[in-house]
Amino acid sequence: MTISKATLEEMYKKMLHVRKFEEKVAYFFSMGMVHGTTHLYVGEEATAVGACSALEEKDLITSTHRGHGHCIGKGIDLNKMMAELLGKETGYCKGKGGSMHIADLSRGNLGANGVVGGGIPIAVGAALTTKMKKIDRVVLCFFGDGAANEGSFHESLNLAAVWNLPLIFVCENNLYGMSVSTAQSMKIQNIADRAAAYGIPGKVIDGNDAVAVYNTVMEAKEYVKEHGPILIEAKTYRWSGHSKSDANVYRSKEEIAEWRKKCPIEGLKKYMLETGVSTIEELKRIEKEAVQEIEQAVEFAQNSPYPSLDTIMDDVYA
Ligand SMILES: Cc1ncc(C[n+]2csc(CCOP(=O)(O)OP(=O)(O)O)c2C)c(N)n1
Ligand SMILES: [Mg+2]
């Protein structure tokens, strides 16, 4: 499958947005300006951006606690997203939700979820609505390897399978839950093997290869509309600790260094240069724009007010 130059350049920019956004968040967190916790997507950019780039705006996604990459991949207002992280009134949740509550229904993003495995049954519900109302779209559900050991994963895959729902399950296998490795938490090598238990196809892909992720989701879209769900396992790695309170003692420096060599952004850059899709000058211009756009989002967020005290109970209870 050939991907257009425009799509590849868009993917490159979005992956840079994710990386630069997360670097800012890490900095603001260290300054005490981001409250609660936050889970960075650095190192996994190709999975979210590759998958979302293969979708259309009308298609839906569900996200996770590590959701910044999914937001940016599906298209987001970077200003409102940064403002939310900094607790400002102009943010997606008026500054009261933070990292794990960003959603944008106008762009088909049903939202992040602090409950591990919580997004999976939501995706099944969205796919069931899609099928019952005969809407021409697919639903894509992101979740981690840890979530694949939750009951909600098994129940959801079973129901989606028996109902033949137009649902693409994308397991981001970054080899760890919070600190427990997949080697300790499951006896199989590939989570995609679990697809067989529900009578659906399972596929393992390199989650750091944006082009492979894009092509796989493109094919999956056609498949799930006709035949029902598919489970894609994207092998990837998070560069930073699980959350901002993680001292990273359960992984070796060598392992982290090995995965940093497989940087998904560098990988896409190399692909675009080697195939002659873009010149180095063109990619440098995109890099510059991406940095500027994140700087603008930071400026917007920093210049925005905090919510006023008299709104403290607004939008908190339904
Ligand atoms: C139901 C539930 N159990 C436990 C937690 C605490 N917790 C937050 S993230 C996490 C690990 C999730 O691992 P994985 O699904 O692999 O996602 P990753 O963090 O690796 O992206 C855990 C156990 C939670 N938030 N929700
Ligand atoms: Mg994980």
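1. A helix axis is here a line fitted to C-alpha atoms over the stretch in contact, and the angle between two axes runs from 0 to 180 degrees between N-to-C directions. With this in mind, consider the predicted model shown above. Helix H1 (residues 5-30) packs with helix H4 (residues 78-85) at an angle of about 25 degrees, and their axes are 11 Å apart. Angles under 35 degrees count as roughly parallel, and H1 and H4 are therefore roughly parallel to each other. The crossing in which H1 passes H4 is right-handed.

2. Which residues bring H1 and H4 together? From H1 come His-17, Phe-21, Lys-24, Val-25 and Phe-28, and from H4 come Leu-78, Met-81, Met-82 and Leu-85.

3. Is Glu-22 buried or exposed? Its relative accessible area is 1%, and buried means under 20%, so Glu-22 is buried. Leaving aside neighbours within four places in sequence, Glu-22 is in contact with His-39, Leu-40, Tyr-41, Val-42 and His-68. A further relation concerns Gly-69, which is 47 residues from Glu-22 along the chain; the C-alpha atoms of these two residues are separated by 9.0 Å.

4. A second pair of helices deserves attention. The axes of helix H10 (residues 264-274) and helix H11 (residues 280-303) cross at roughly 145 degrees and come within 10 Å. In this contact, Lys-269, Met-272 and Leu-273 of H10 meet Ile-280, Leu-283 and Glu-287 of H11. The residues of the contact divide into 4 nonpolar, no polar and 2 charged.

5. The cysteines should be read with care. The structure holds 0 disulfides. Cys-52 is in no disulfide, and the nearest cysteine sulfur, that of Cys-71, is 9.1 Å away.

6. Cys-93 lies in the loop between H4 and helix H5 (119-132). Its relative accessible area is 23%, so Cys-93 is partly exposed. Not counting residues up to four places away in sequence, Cys-93 touches Glu-84 and His-101. Between the C-alpha atoms of Cys-93 and Ala-51, which are 42 residues apart along the chain, the separation is 25 Å.

7. Two residues call for a comment on their backbone angles. Most residues other than glycine have a negative phi. For Leu-175, however, phi is near 75 degrees, a positive value in a residue other than glycine. Leu-175 is found in the loop between strand S3 (167-173) and helix H7 (182-185), and at 23% relative accessibility it counts as partly exposed.

8. The other residue is Asp-315, with a positive phi near 65 degrees, again in a residue other than glycine. Where is Asp-315 found? Asp-315 is in the segment after H11. Exposed means over 50% relative accessible area, so Asp-315, at 59% relative accessibility, counts as exposed.

Methods
Residues numbered from 1 in each chain as written. Chains lettered and ligands numbered in written order. Predicted model: local features only at pLDDT ≥ 70, side-chain atom pairs only at ≥ 80, totals over all residues. Heavy atoms only, no water. Helix = DSSP H or I, 4+ residues; strand = E, 2+ residues; numbered from the N terminus. Parallel < 35°, antiparallel > 145°, perpendicular 65-115°, else oblique. Left-handed = near helix turned anticlockwise from the far one by under 90°. Contact = heavy atoms within 4.5 Å. Disulfide = S-S within 2.5 Å. Buried < 20%, exposed > 50% of the residue type's maximum accessible area, 1.4 Å probe, protein only. Nonpolar A, V, L, I, M, F, W, Y, C, P; charged D, E, K, R; others polar.
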